Amino acid sequence: MKALATALALLAATSSAQAAPAGAAGTFEKRERDWRNGAVVYQIIVDRFVPAADLEGKRALYPSPKVLKPWSEAPKAGVYLADQKLNSAELEFWGGDLASAASKLEHIQQLGADVLYLNPIHLAWTNHKYDAFDFQKVSPEYGSREDFKRLAADAHQRGLKVVLDGVFNHMGRNAPVFKDAFANPSSPWRNWFSIGPQYEGGALVWTGYQNLPELKLENLVVRRHLWLDKDSVVRSYLRDGADGWRLDTAFELGQAYLRELTDAAHKEKPGSLVVGEIANYPDRWLKSMDAVMNFTLRDIVLSMTRGDIAPAAAARLTERLVKDSGIEAMLKSWVVIDNHDIPRIATQLPVTAQRRMVQALQFTLPGAPNLYYGAEVGMTGGADPENRGPMRWDLVRDDNPELVWVRKLIQLHKTHRALRVGDFRLIDSQQLFAFERHTDKVLDTRVVIANPSDKQVRERLMIANAHLMDDTPMVDLLGLVSPAPTVAIGPGFITVDMPPHSALLLQPRPKAQGGYNRYKRVQ
């Protein structure tokens, strides 16, 4: 009897240990229910996305020194306008608006994106709208709050979420509230800004740009206006249909105020997203927000691609980043390669093989891939303003290889569970960048291997996944390596031959053997 009791106790302990995957299953199912995890984000500048239906009828909305440009013309560097305290390129417009953007939501939907992210739309003087006059109003060139509501409602009907750009560190010098505060010491807005002779130009401005006076967030009235009150900017736009906020220069707000803003957004709309533009190492900032624009991950990938960081080191750095940040926050953080502040990916990486490899990593590393409008059709453009050219709708053709490739990446990302919500595990390598994305189901496992060098690499790699069975074929899903490689998992190992600047996305695909299934008793 004592032996039987011991055996039963051992069986119970074993059963308890084996029950852990059920909890893991709940974790991954919960992640799948959260739209923020692994979402494909499509970013647009409203002025540059789709020309308005009646551009001539809108011309009065662009008074001199503003200029309305033809859609066929690309942006060029401007000259400094001393009276405006900004560059002439900031006053050149192409005429897109919210209604015209809504007319092309089908393109975004057909790409397979999950989120439409709009660069700032609030009332401002420049084309980029980072110099707000009034956060509560939409710039008339773009339309009105009602136009935004209609856009958001249309997007939601198509299964798209909408994220707005919050520029809460500063306003524009021509904002009525700032002009009154600057001229009148008794102005009710005086304490919204830092004004005095100790500042160049008479007021504290963002990084020396005289057109961008900083807001004094220590003033509770300012924070109530921006995010705390029921009718604040953050909360009222969420009620209008926004599903989240991307915060410009979020590090400027500081962690305490970011936490306050995030809590206010979640109070107004549970499950909404607050993602910060943080170029710093992200770990501590992720205690204040849901996610960051993951510039650290971007730097790892591009530094490796340029040869500045060895692939094995890059993989270890990525593992450290995931560990420090936490996988839950990483899955929500945007994987950025290019955007309105960075040269376009086709300009950064003109060699197609390198670009394909980097994009493959963008869509397989943990996070939400951030696709900048036009990247899907191969638009080029250097530093601002060249990277903000009008959308090239003439390139949206089914035979465009860039479009075919990006559609494939999005489809892979969306249909393979591990790529959207899976955990990350480093694969040790000497010459390659290799990792595993995995869930509670062994056949969800996807192995990603990249060779950023300009040489062919053959290497034997250990895949530390106990449930991947010996002699299971591993099938590549990307098609960047030709002919298709023959890879099978051995006793924890695979051997790969990687051409220069290539990537593999390997899926286990057990052999069909007359009903026999060696995976029958593992998940």
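Modeller: The largest pocket has a lining of 28 residues, and those nearest its centre are Glu 90, His 128, Tyr 209, Asp 384 and Arg 388. Here a pocket is an open set of points on a 1 Å grid over the protein atoms alone, with protein on both sides within 12 Å along at least five of seven lines, where a 1.4 Å probe fits, and a lining residue has an atom within 4 Å of a point. The space in this pocket comes to about 680 Å³, the volume being that filled by probe spheres set on the points, with grid points joined across faces, edges and corners. Sorted by class, the lining holds 10 nonpolar, 10 polar and 8 charged residues, where Ala, Val, Leu, Ile, Met, Phe, Trp, Tyr, Cys and Pro count as nonpolar, Asp, Glu, Lys and Arg as charged, and the others, Gly among them, as polar.

This is a predicted model, in which local features need pLDDT of at least 70 and side-chain atom pairs count only at pLDDT 80 or more, whereas totals for chains, interfaces and linings use all residues. Residues are numbered from 1 along each chain as its sequence is written, and side-chain values use heavy atoms, with hydrogens and water left out.

One of the residues nearest the pocket centre, Asp 384, is joined to Pro 385 by a cis peptide bond with omega near 10°. Pro 385 belongs to the loop between strand S14 (368–372) and H16, helices (H or I, at least four residues) and strands (E, at least two) being DSSP runs numbered from the N terminus. Pro 385 is also touched by Lys 76, which touches Ala 89 and Glu 92 as well, not counting residues up to four places away in sequence; contact means heavy atoms within 4.5 Å. Lys 76 itself sits in the loop between S2 and strand S3 (80–81). A further cis peptide bond, with omega about 15°, links Ser 64 to Pro 65, and Pro 65 is in the loop between helix H3 (46–49) and strand S2 (67–68).

From the loop that holds Pro 385 we can turn to H16. Helix H16 (residues 401–415) packs with H15 at about 25°, the axes lying 10 Å apart, where axes are lines fitted to C-alpha atoms over the stretch in contact and angles run from 0 to 180 degrees between N-to-C directions. H15 and H16 are therefore roughly parallel, the term for angles under 35 degrees, while those over 145 are roughly antiparallel, 65 to 115 roughly perpendicular and the rest oblique. Their contact joins Arg 355, Arg 356, Gln 359 and Ala 360 of H15 to Pro 401, Glu 402, Trp 405, Val 406 and Leu 409 of H16, a set that divides into 5 nonpolar, 1 polar and 3 charged residues.

H15 (residues 352–362) also meets helix H11 (residues 295–306), their axes coming within 11 Å and crossing at roughly 155°, and H11 and H15 are therefore roughly antiparallel. On the H11 side the contact uses Val 301, Leu 302, Met 304 and Thr 305, and on the H15 side Gln 354, Met 357, Val 358 and Leu 361. By class, this contact of H11 with H15 has 6 nonpolar, 2 polar and no charged residues.
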